[in-house]
Each structure stands twice: as C-alpha cells, then as structure tokens.
Amino acid sequence: MYDTIIIGAGPAGMTAALYAARSNLKVAMLEQGAPGGQMNNTSDIENYPGYELISGPELSMKMYEPLEKMGVENLYGIVTGIEDKGDYKVVKTDDESYETKTVIIATGAKHRPVGVAGEEEYTGRGVSYCAVCDGAFFRGQDLLVVGGGDSAVKEGLFLTRFANSVTIVHRRDQLRAQEVLQDRAFANEKVNFIWDSVVKEIKGNDVKVTSVDIENVKTGQVTNHEFGGVFIFVGLDPVSDFVKDLGITDEAGWIITDEQMVTSIPGIFAIGDVRQKKLRQVATAVGDGAIAAMQAYQYVTELG
Ligand code: NAP
C-alpha cells in the first residue's frame with residue numbers, strides 16, 4: 001500500500017513527488033514515457049525562475065534526478081482507471097493494479113490535432129507536433145506552422161534555426177501569444193504570416209508533405225502553397241480519459257479541483273495542465289504539485 005501514487009512525471013508530478021518524499025510518504029510516480037512531460041517537447045524555457053534560458057529536456061532531467069535518491073519509486077505503465085474504495089484507491093494500468101491511500105493525477109495535456117485531410121496520413125512524414133523533436137530534420141526547408149498561441153509562435157521561432165522560412169497561418173488577424181513572443185516573431189526576417197486563414201488539406205507524394213491548401217476564412221478563397229513540413233500547435237486536450245467514470249471533470253475533460261488541488265473525491269487530487277485552470281505554465285504546475293503533496297500528507301495523517 002502506497003501513501004500516494006502520482007500519475008504523470010511532468011513538472012507538476014515531479015514536484016509533488018519531491019514534496020511527498022520529503023514528508024516521508026511512501027510515494028510512487030507512474031509514467032508511460034520519459035520524465036518531463038510536455039517540457040520534453042519544448043525548445044527553450046525562458047520563464048522558469050532561476051534560469052534565463054534552459055531547454056525543456058534539460059529542465060526535465062534537473063527535476064527528475066534528485067527524486068530517485070529521495071526514495072521515489074518509479075512505476076511504468078499506461079493508466080486505465082482509478083477505483084475509489086473509500087479509505088484507499090486502486091490505480092489500474094494495462095497490466096498491473098496498485099493500492100494507495102491517495103492519488104495525485106498529473107497527466108497533463110496532449111496536442112490537439114487540427115483535423116484536416118492529410119494530417120494523419122503525413123504525421124511523421126512532414127506533419128509534426130514537436131519542433132524540438134523534429135525541427136532538425138527540416139534544415140533549409142520552407143515550413144508552415146498552424147496556430148496563433150504561445151506554442152505556435154515560440155516553436156515557430158525555434159524552427160527558424162533550421163528552416164529557410166517559417167510561415168505562421170492563423171485563423172484570425174491577431175495572435176494570442178504573449179507580446180514578447182509576438183515582437184520577436186514580427187522582427188524575425190524568416191517568419192511570415194498568413195492571416196484569417198485555415199489549413200484545408202495537407203498534400204504530398206508517397207514519401208512526404210509537399211504542399212498545403214489554405215483557405216482564407218473571410219473570402220473563402222483556397223490557395224495552394226509549397227511547404228516541406230507542417231508543425232501544428234492549435235492547443236491542448238486533457239489526458240483524463242481514464243477518470244471519465246469518476247465524475248471529476250468538466251465537459252471538456254479538464255479535472256475540477258479547489259485551490260488545494262482537491263477533487264470531489266476525498267484522497268484524489270489533480271495538478272498541473274490536466275486541471276481546469278487559466279494559466280498552464282511550468283511555474284504554475286510546480287506550485288500545484290507542492291500544494292497537492294502537502295494535502296495528501298495531511299489526508300494520510302488523518303487516516304492514521
Ligand atoms: P492555445 O493557447 O490554446 O492556442 C491555440 C491556438 O491555436 C490559438 O491561437 C487558436 O486560435 C488556434 N486554434 C485552435 N483551434 C484551431 C483550429 N481548429 N484551427 C486553427 N487554429 C486553431 O494553445 P498553446 O499555444 O498550445 O498553449 C497551451 C498553453 O500552454 C497556454 O496556456 C499557453 O500559454 C501555454 N504555453 C506557454 C508557453 C510559454 O512560453 N510561457 C509556451 C507554450 C505554451 P484563436 O487564437 O483564434 O483561439
């Protein structure tokens with residue numbers, strides 16, 4: 001029986017593990033991939049206190065390395081469900097079941113597909129959702145970035161290190177991204193914009209993407225543009241399917257908590273991007289993690 005199982009090893013989960021271990025709880029962190037979560041798909045992090053600039057994968061390792069020494073157990077598997085048994089919970093994966101007094105859900109969010117013809121077919125062959133993973137494969141090419149938020153602009157700027165040009169296509173005539181990122185994008189000679197427009201179809205040959213049909217939403221005009229790659233950043237969806245029967249999410253699947261990270265089920269907490277919240281950042285994720293671990297500690301202590 002664990003005191004707490006933390007599902008997900010992004011910045012929220014790793015911080016919860018740190019605080020739980022320092023409170024002498026018997027803690028396991030359950031993850032299906034490498035520690036770091038979305039930080040592993042992030043080129044440069046420039047707004048995490050203490051670092052002027054650090055790559056996402058490097059910050060991931062810096063958060064992860066101390067945890068093993070502190071006795072945090074690592075479990076691997078894909079979570080399929082949580083059963084609430086009152087004083088304890090059962091966390092189920094594809095091939096195991098674990099008993100624990102509390103669960104801290106830190107599964108984060110995953111990229112949302114834009115849902116156009118050719119997107120699925122060419123994923124991995126010119127369509128990508130991760131500039132830091134795939135950018136270097138597109139050296140010297142003309143790339144299309146879809147979206148107008150922080151991710152589209154930030155990762156678009158990162159792609160200029162490799163690409164000949166980066167064109168950002170956005171469905172409105174104004175970006176959603178932070179001003180500082182917008183200023184950099186407007187000042188970068190390699191970055192172009194196509195406003196008020198959406199991708200209609202991603203086209204290619206047997207091997208890879210070659211062009212994209214883009215529709216102007218104001219005029220309805222569709223034009224074809226040659227691109228060697230398409231990077232899609234149109235937002236995030238929560239990773240919460242495995243709790244859909246527990247009734248702790250909103251309609252879109254984000255988990256509802258109070259400010260103490262407590263869900264409507266005693267002993268189940270949620271933190272980081274999977275939580276219904278306004279600001280999804282590494283800095284807010286780590287804060288959530290610290291709060292939830294201390295709440296879990298109090299809950300376990302009260303259980304006796
Ligand atoms: P986001 O902020 O939700 O932005 C999604 C963008 O995609 C918006 O511009 C949206 O257009 C557009 N979009 C959505 N659906 C679309 C569709 N079907 N077709 C075309 N365009 C579509 O998502 P994000 O940029 O991935 O960021 C997610 C969260 O992480 C945000 O809270 C963000 O602040 C945070 N983040 C922070 C940083 C940082 O450096 N601090 C970096 C990356 C991400 P509209 O603008 O018209 O809605």
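1. Please keep in mind that this is a predicted model. The second largest pocket holds about 160 Å³ of space. Around that space sit M14, T15, L18, Y19, Y48, Y51, L59, K62, M63, P66, L67 and V286.

2. Which helix gives the largest share of that lining? Helix 2 does, with five residues. Helix 1 (11–22) and helix 2 (56–69) each contribute at least two residues to the lining.

3. For the shell around the ligand, the division is four nonpolar, nine polar and six charged.

4. Turning to the ligand itself, 19 residues surround it, and the closest are N47, D150, R172, R176 and Q281. Helix 4 (residues 150–159) gives the most to this shell, namely three residues.

5. The side chain of N47 places an N or O atom 2.8 Å from a nitrogen atom of the ligand. Oxygen atoms of the ligand lie 2.9 Å from a polar side-chain atom of R171 and 3.2 Å from a backbone N or O atom of G149. Taken alone, the ligand exposes 910 Å², of which the protein buries 78%.

6. Why does the ligand lie between domain 1 and domain 2? Because domain 1 (2–111 + 236–303) and domain 2 (127–232) both give residues to the shell around the ligand.

Key. Residues numbered from 1 in each chain as written. Predicted model: local features only at pLDDT ≥ 70, side-chain atom pairs only at ≥ 80, totals over all residues. Heavy atoms only, no water. Near = heavy atom within 4 Å. Polar contact = N/O pair within 3.5 Å; in protein donor to acceptor, adjacent residues only side chain to side chain. Areas by Shrake-Rupley, 256 points an atom, 1.4 Å probe, with all protein chains shown as cover. Helix = DSSP H or I, 4+ residues; strand = E, 2+ residues; numbered from the N terminus. Nonpolar A, V, L, I, M, F, W, Y, C, P; charged D, E, K, R; others polar. Domains from an automatic or database assignment. 1 Å grid on protein atoms, 1.4 Å probe; cavity = no way out; pocket = protein on both sides within 12 Å on 5 of 7 lines; lining within 4 Å. Points joined across faces, edges and corners; volume = space filled by probe spheres on them.
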